[in-house]
Amino acid sequence: MSAVLSAGDAATPVAATPASQTFEIRPVADAAGPLGAEVLGLDLAQALTADDFARLHQAHLHHHVLVFRNQRITPRQHIDFSRRFGPLQIHVLKNFQLAGHPEILVVSNIKENGQPIGLGDAGHFWHSDLSYKVVPSLGSLLHAQELPAVGGDTLFADQHAAYDALPEALKKTIAPLQAEHSYLARYDELRAKSPWRPALTQAQIDEVKPAVHPVVRTHPETARKALFVSEHFTTRIVGLPEDESRDLLAQLFAASVKPEFVYRHRWQPHDLVFWDNRSVQHLATGTPDTERRKLYRTTIEGDLPF
């Protein structure tokens with residue numbers, strides 16, 4: 001028997017099923033191995049089907065860096081897409097949050113009324129985002145809002161390829177080792193020459209206590225091994241004398257960012273770049289002081305490295 005709605009009843013709205021989109025995933029022209037691919041023809045302002053999302057997920061695992069071209073999305077749409085991959089992490093520099101959207105860190109060299117509106121020296125040293133957290137980042141998504149006429153490129157280095165290329169003897173040496181990561185490692189150095197870095201409160205310092213992670217981590221989804229140390233945040237190899245730790249880290253830092261492992265991303269208007277912090281390090285090449293640059297970043301929480 002069919003139900004009869006009375007005048008006071010209201011039918012429950014049924015969400016429309018999203019339609020699959022036609023889009024291409026194409027390796028970037030100057031890719032180093034599988035590192036870096038463009039996503040062309042996809043509109044992230046539209047709802048994604050499960051199949052489309054699964055395709056993007058697999059492409060991200062394979063290429064480590066996905067470049068979504070011409071994404072005219074709102075901060076809320078940026079956040080919602082990011083959250084499909086996991087919970088979002090809030091950066092310790094909360095003064096650079098986008099107003100109304102604490103999940104978004106403003107990365108910018110722009111000043112308004114004499115004050116910086118964002119973190120203008122983000123990415124000054126090679127690093128993996130939030131490796132200094134007990135639970136580091138799965139990945140980050142950076143959306144271009146305003147780009148300079150010159151400069152502003154971002155470099156990505158494939159840490160799986162870097163590990164694979166190490167001599168077997170060195171692989172055996174580092175296999176059992178762990179390293180300390182600290183947000184404060186080079187903070188004062190950056191602050192001394194940067195107008196964007198504020199003094200940290202004790203509460204902020206407590207929020208970024210050093211964490212210890214394997215020197216070689218295993219990707220939880222692909223099982224591939226990768227180097228997991230960086231010149232920005234890694235301070236020492238646990239258990240080694242200081243001089244041995246310093247020398248080994250210098251060797252690993254150099255091995256991790258060789259040119260043959262690096263993809264240079266040259267930003268285009270409305271690019272959204274999504275990289276896997278478990279697989280790559282990245283570096284900002286810098287922007288002239290005379291140029292304006294503004295991007296919005298979300299960061300996805302990952303898992304305990306092993």
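Predicted model: local features only at pLDDT ≥ 70, side-chain atom pairs only at ≥ 80, totals over all residues.
Local features were taken at pLDDT of at least 70 and side-chain atom pairs only at pLDDT 80 or more, whereas totals for chains, interfaces and linings use all residues. Residues are numbered from 1 along each chain as its sequence is written, and side-chain values use heavy atoms, with hydrogens and water left out.

H64 sits in the loop between α1 (50-63) and β3 (65-68). Helices (H or I, at least four residues) and strands (E, at least two) are DSSP runs numbered from the N terminus. H64 is buried because its relative accessible area is 2%. Buried means under 20% relative accessible area, exposed over 50%, and partly exposed in between, with a 1.4 Å probe and protein chains only. A polar atom of the H64 side chain lies 3.3 Å from the backbone oxygen of L61. Contacts were also listed, a contact being heavy atoms within 4.5 Å. Not counting residues up to four places away in sequence, H64 touches L35, A59, D158, H160, R224, F274, W275, D276, S279 and V280. S230 is 166 residues from H64 in sequence, and their C-alpha atoms are 17 Å apart in space.

V280, one of the residues touched by H64, belongs to strand β17 (residues 280-284). V280 counts as buried because its relative accessibility is 1%. Its C-alpha atom is separated by 5.3 Å from that of A157, 123 residues apart along the chain. Beyond four places in sequence, V280 touches L35, H64, V65, S128, F156, A157, D158, Q159 and W275.

L227 is in strand β13 (residues 225-227). A relative accessible area of 2% makes L227 buried. The C-alpha atoms of L227 and Q159 are separated by 5.4 Å, although the two are 68 residues apart along the chain. Leaving out residues up to four places away in sequence, the contacts of L227 are Q159, A162, Y163, L166, I174, V215, V216, L252 and S256.

H265 is placed in strand β15 (residues 262-265). Its relative accessibility is 0%, so H265 counts as buried. The side chains of H265 and D271 are joined by a polar contact of 3.1 Å. A polar contact is a pair of N or O atoms within 3.5 Å; within protein, one must be able to donate a hydrogen and the other to accept it, and residues adjacent in sequence count only if both atoms are side-chain atoms. D271 is also among the residues that H265 touches beyond four places in sequence, with V67, R69, D153, T154, F156 and V273.

T299 lies in strand β18 (residues 294-301). T299 counts as buried, at 4% relative accessibility. A polar contact of 3.2 Å joins its side chain to that of R297. Apart from residues up to four places away in sequence, T299 touches P87, L88, Q89, L130, S137, G139 and S140.

Two residues were noted for their backbone angles. Most residues other than glycine have a negative phi. A223, not a glycine, has a positive phi of about 70°. A223 is in the loop between β12 (216-218) and β13. A relative accessible area of 55% makes A223 exposed. H270 is not a glycine either, and has a positive phi of about 70°. H270 is found in the loop between β15 and β16 (272-276). Its relative accessibility is 25%, so H270 counts as partly exposed.

The structure holds 10 aromatic pairs. In the pair of F81 and F85, the ring centres are 5.5 Å apart and the planes are at 85°, so the pair is edge-to-face. Rings of Phe, Tyr and Trp (its six-membered ring) pair if their centres lie within 6.5 Å; planes under 30 degrees apart count as stacked, over 60 as edge-to-face and the rest as tilted. Both F81 and F85 are buried.

The largest pocket has a volume of about 350 Å³. It is lined by 21 residues, and the closest to its centre are G120, D121, H124, W196 and G286. On a 1 Å grid over the protein atoms alone, a pocket is an open set of points where a 1.4 Å probe fits, with protein on both sides within 12 Å along at least five of seven lines; lining residues have an atom within 4 Å of a point. Grid points are joined across faces, edges and corners, and the volume is the space filled by probe spheres set on the points. The lining has six nonpolar, 10 polar and five charged residues. Ala, Val, Leu, Ile, Met, Phe, Trp, Tyr, Cys and Pro count as nonpolar, Asp, Glu, Lys and Arg as charged, and the others, Gly among them, as polar.
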